[in-house]
Structure formats: structure tokens, C-alpha cells
Amino acid sequence: MKKDLKKTKDLKKAKDFRMIRQPTEDPMDGVYVPVFENPMDGVYEPVPEDPMDGLYAQLALDYCCSMDQVKGKDNVFTTFEKITGRRRFDGDDCFFKMASIKGKILATGSDRLMPEIKKLFENKEGSWAFEAPRMRKVNDILLPHGYEIEQIHPFFFSFELADVADITSTVKRKMTEADRMMNLDVRILERGEIETYRGDKRFNRAFSFLPNVPDVIGVKISDQGKILAMAGASADSPEFYQIGIDVAPEARGFNLGSLAVGYLKNEILRRDKVPYYGTAVSHTLSQNIAIQCGFRLGWTELITREIQNASE
């Protein structure tokens with residue numbers, strides 16, 4: 001997914017070119033060069049009509065509506081269906097969920113409660129949808145059905161590479177200030193390597209090990225074999241990979257969480273997927289990691305749970 005107008009260093013990734021051999025005095029000099037039908041092809045990456053279309057397309061699948069409805073001005077209320085390509089979570093079902101994006105509301109759920117939800121929110125502005133008085137009314141609608149609000153998450157996303165060099169500089173500065181030098185080793189983990197950490201409670205935010213949400217990429221930061229930070233990405237949908245992060249208590253305060261997330265974000269983008277990052281509304285430290293890694297706040301989302309399965 002192409003995101004912004006910017007120069008690319010890798011011309012081999014440009015579209016519509018063929019490779020031809022060029023005669024040179026040194027047989028290793030410029031053996032192949034790209035030839036473009038348009039002299040500007042490959043110099044600049046193409047810009048989509050709207051770089052947000054990838055996000056709108058994903059939310060359309062999640063909320064059982066069209067992309068035009070997501071992009072439009074009117075609030076959207078639908079009956080939930082399990083549409084291929086949607087973001088999937090533990091249990092892979094949805095009694096009710098709601099998002100606020102661009103000042104509007106997206107809501108989907110069981111047809112048993114959607115008429116009441118629509119009546120409550122149809123003419124309301126999404127920017128104020130999650131205010132406490134309205135959330136109490138939502139819970140009042142849910143309770144007779146055996147459900148309750150579980151969480152409200154801000155979700156961050158990005159199409160841009162993180163500036164890991166800048167984050168690394170901050171890490172080094174903080175180590176110097178604390179008079180604690182670490183010999184950091186950063187490694188990308190693939191699915192087989194991630195499996196070795198199943199059951200390790202140190203990394204229960206980085207990796208979920210859920211059957212419907214595979215953990216697909218990880219980043220491990222170590223010092224002399226001791227793991228200081230672990231970031232993991234789950235394939236919540238075919239296109240959107242969600243990032244989680246764990247930092248060892250003794251390694252906190254050095255921006256290692258941001259460093260791990262930055263490396264992981266960039267690896268996800270290199271695989272042509274969209275990295276996104278959800279956290280709690282009260283977890284400002286986590287939100288600042290997202291901001292430092294170049295994520296932007298995209299939407300806020302309410303999810304629900306069945307009361308008999310609720311746990312603190």
C-alpha cells in the first residue's frame with residue numbers, strides 16, 4: 001500500500017520498468033539500469049487518491065458496511081456479519097461494538113439491540129459518543145442481554161516508517177544520563193521463533209497465542225542474552241497487524257519500548273501490511289510510545305463482553 005509522495009531508494013520496486021544491459025568499462029559498474037516508459041516512473045512512488053483509503057476499507061469490513069459509508073458524514077448502524085477480511089479477535093464474535101472516527105459513529109452488532117443503539121446515537125456527533133452518561137445508557141441496553149462494556153481503546157495507525165535512528169539516539173542519551181551502558185542486540189523473530197515463548201508470562205502483551213489471531217512477527221531487544229524488550233505483531237486481518245509491547249521492569253525508562261515498536265512497525269510496512277497499535281485510554285505511557293514511533297490516532301473503539309465470561 002503506497003502512502004505518501006516520497007523518493008524511493010529502491011528503484012527495483014518501481015512499477016512498469018524493464019531491465020537492460022548497459023556496456024561499461026568495468027563489467028561490475030551499473031550492470032542493470034531501469035528504463036521507464038515515463039521518465040518519472042520509479043523516481044516517485046505513486047500517491048493514492050486518499051492515503052486513508054486502506055483504513056476506511058478495513059473499517060468497512062469490520063463494521064459490515066461500504067467504504068463510502070465509512071467516508072461519509074452520516075452515522076452507520078448495521079447488523080454484524082462475519083465478513084471475510086475483518087479484524088478478528090478472541091472468540092471471533094461480536095454482540096456489539098462501536099467506533100468513533102472523523103466525528104461520526106460506526107456501530108454493528110446483534111439485531112436484538114441495534115434498533116435501541118440507533119435510536120440513542122442516530123443524530124449524535126461521534127466526537128462525544130463515549131462520554132460517561134451515554135456509556136451508562138449503552139450498558140443499560142446491553143445488560144438485559146447478558147453483556148456489558150469491556151473496554152474503550154484508542155487505536156493508532158501509520159503508513160510511514162519510524163525514525164529508529166532518532167529513537168536510538170534517545171536510548172543512548174538516557175543510558176548515558178543513567179550511567180548504565182547496554183550492548184543492545186535487536187533481532188526480528190518469525191512465527192517459528194515466536195512459538196518458543198508460548199506460556200512465557202513476561203511477554204503476554206507482545207504475543208497473544210490466540211487461534212484466530214496468529215502472532216506473525218516479533219522484535220527482541222537483548223543485552224548479553226537477557227531480554228529487555230519484546231514487541232509482537234498479530235495478524236488481526238490479512239492487511240492490519242496489531243502491535244503489542246512488553247518491557248522488563250529493570251529496563252524501563254530508556255525508551256526501549258519505542259525502539260522495539262519502531263523496528264517492528266518498519267518490518268510490518270516492508271511486508272506491505274498496515275501496522276496499528278491499540279492501548280487503554282488511561283495508558284499515557286503506551287500512547288506516547290505510539291506517538292514517538294510516528295503513529296497517528298485513527299479511531300476510538302468500544303468492545304463488549306458476555307458477563308458470564310467476564311474477568312477483571
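Asp62 and Arg87 bring their side chains together in a salt bridge, with N and O 2.6 Å apart. Keep in mind that this is a predicted model. Asp62 sits in helix α1 (residues 53-62) and Arg87 in the loop between β3 and β4 (96-101), so the pair ties together parts that are 25 residues apart in sequence. Both Asp62 and Arg87 are buried.

**Other salt bridges**

- The structure has 14 salt bridges, and the Asp62–Arg87 pair is one of them.
- Arg305 and Glu148 make another one through their side chains, at 2.9 Å from N to O.
- Arg305 belongs to strand β12 (residues 296-306) and Glu148 to strand β6, so this pair links parts that are 157 residues apart in sequence.
- Glu148 has 18% relative accessibility, so it counts as buried.
- Arg271 pairs up with Glu267, and their closest N and O atoms are 3.0 Å apart.
- Shared partners connect Glu190, Glu267, Arg270 and Arg271 into one salt-bridge network.

**The sheet**

- Ten strands form an open sheet with mixed pairing, in the order β3-β5-β4-β12-β6-β11-β10-β9-β8-β7.
- The edges are β3 (76-79) and β7 (184-189); each has a single partner strand, so one side of each is left without a neighbour in the sheet.
- Going from one strand to the next, the twist averages 20°.
- Strand β6 (residues 147-157) runs antiparallel to β11 (residues 274-278), and three bridges join them.
- Phe157 stands opposite Tyr276 of β11.

**Around β9**

- Strand β9 (residues 226-235) is mostly covered, with nine of its 10 residues buried.
- On one side, β9 pairs with β8 (residues 215-223) in the antiparallel sense over eight bridges.
- Ile221 has Ala229 in β9 as its bridge partner.
- The β8–β9 hairpin has two residues between its strands, and Gln224 in this hairpin takes a positive phi near 55°.
- Strand β9 also runs antiparallel to β10 (residues 240-247), with seven bridges joining the two.
- Ala233 has Ile243 in β10 as its bridge partner.
- The link from β9 to β10 is a hairpin of four residues.

**Lys124**

- You'll find Lys124 in the loop between α3 (114-121) and α4 (132-142).
- Its relative accessibility is 32%, so Lys124 counts as partly exposed.
- Leaving out residues up to four places away in sequence, Lys124 touches Asn75, Ile105 and Arg134.
- A polar atom of the Lys124 side chain lies 3.5 Å from the backbone oxygen of Leu120.
- Lys124 is 21 residues from Gly103 in sequence, and their C-alpha atoms are 9.6 Å apart.

**The whole chain**

- Of the 312 residues in the chain, 46% are buried.
- Looking at contacts between residues at least 6 apart in sequence, 65% join residues at least 24 apart.
- The chain exposes about 17100 Å², and carbon and sulfur atoms supply 49% of that area.

How values were computed:
Residues numbered from 1 in each chain as written. Predicted model: local features only at pLDDT ≥ 70, side-chain atom pairs only at ≥ 80, totals over all residues. Heavy atoms only, no water. Buried < 20%, exposed > 50% of the residue type's maximum accessible area, 1.4 Å probe, protein only. Contact = heavy atoms within 4.5 Å. Areas by Shrake-Rupley, 256 points an atom, 1.4 Å probe, with all protein chains shown as cover. Polar contact = N/O pair within 3.5 Å; in protein donor to acceptor, adjacent residues only side chain to side chain. Pairing = 2+ DSSP bridges. Axes fitted to C-alpha atoms, helices over the stretch in contact; angles between N-to-C directions. Salt bridge = Lys/Arg side-chain N within 4 Å of Asp/Glu carboxyl O.
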